[in-house]
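Here are my notes on the model you sent. They are set out as numbered points, to be read beside the sequence and the structure.

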Amino acid sequence: AQSGGISKSENSGEDWYNLQQANRVLTPNTPFTASAFLNKQEGYLCGWGGVLWQTLDEGRNWREVSNVPNYNYLAASIWKGMLVLGTDDARLVFVRI
């Protein structure tokens, strides 16, 4: 895996490859702090300043999600059909997915 980019493994982490398309969109300066995946296809990356990105194709392509509050996100998880984001000031933000 390369530092500052998005990489993927399909064999439990034994081998990794760089997702070039994703890395063109998600630059090394993007402040990601956590990720959560609903299933093999759909996943989310979050970070400082309300940064939230979504993939629907196993991480090959990403789109920015713009309808989230501008908090510094430290954690992400999926719970009962919601993306739950934990902030640096102990808030929980629930995003319907």
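1. Is W79 buried, partly exposed or exposed? The model is a predicted one, and in it W79 has a relative accessible area of 47%. Buried would require under 20% and exposed over 50%, so W79 counts as partly exposed.

2. W79 belongs to strand β7, which covers residues 73-79. On the surface, W79 forms a nonpolar patch with L92 and F94. Together these residues have about 350 Å² of accessible area. In soluble globular proteins, nonpolar side chains tend to be buried together. The patch of W79, L92 and F94 is instead on the surface.

3. On the overall layout, the chain has 1 helix and 9 strands. Their order along the sequence is β-β-α-β-β-β-β-β-β-β. The chain has 97 residues, of which 39% count as buried. Its accessible surface is about 6,000 Å², and carbon and sulfur atoms account for 49% of that. Among contacts with a separation of 6 or more, 27% are between residues 24 or more positions apart.

4. The largest nonpolar core has 13 residues. Within this core, C46, L52, A76, L83 and L85 touch the most other members. Two or more residues come from each of β3 (32-37), β4 (43-47), β7, β8 (82-87) and β9 (92-96). Strand β7, which holds W79, is therefore also one of the elements that give two or more residues to this core, since a strand is a DSSP run of residues.

5. What does A76 touch, leaving aside residues up to four places away in sequence? The list is A34, S35, A36, C46, L83, V84 and L85. C46, L83 and L85 are named with A76 among the core residues that touch the most other members.

6. Another core lies apart from the largest one. This other core has 5 residues, including I6, V51, W53 and W62.

7. The whole structure gives 2 aromatic pairs. One of them joins Y71 and Y73, with ring centres 6.5 Å apart. Why is this pair called edge-to-face? The ring planes are at 80 degrees, and planes over 60 degrees apart count as edge-to-face.

8. Y73 is at 0% and counts as buried.

Terms used: Residues numbered from 1 in each chain as written. Predicted model: local features only at pLDDT ≥ 70, side-chain atom pairs only at ≥ 80, totals over all residues. Heavy atoms only, no water. Patch = residues over 30% accessible without salt bridge, like charges linked within 9 Å, V, L, I, M, F, W, Y side chains within 5 Å. Areas by Shrake-Rupley, 256 points an atom, 1.4 Å probe, with all protein chains shown as cover. Salt bridge = Lys/Arg side-chain N within 4 Å of Asp/Glu carboxyl O. Helix = DSSP H or I, 4+ residues; strand = E, 2+ residues; numbered from the N terminus. Buried < 20%, exposed > 50% of the residue type's maximum accessible area, 1.4 Å probe, protein only. Phe/Tyr/Trp six-rings, centres within 6.5 Å; stacked < 30°, edge-to-face > 60°. Core = buried A, V, L, I, M, F, W, Y, C linked by side-chain atoms within 4.5 Å. Contact = heavy atoms within 4.5 Å.
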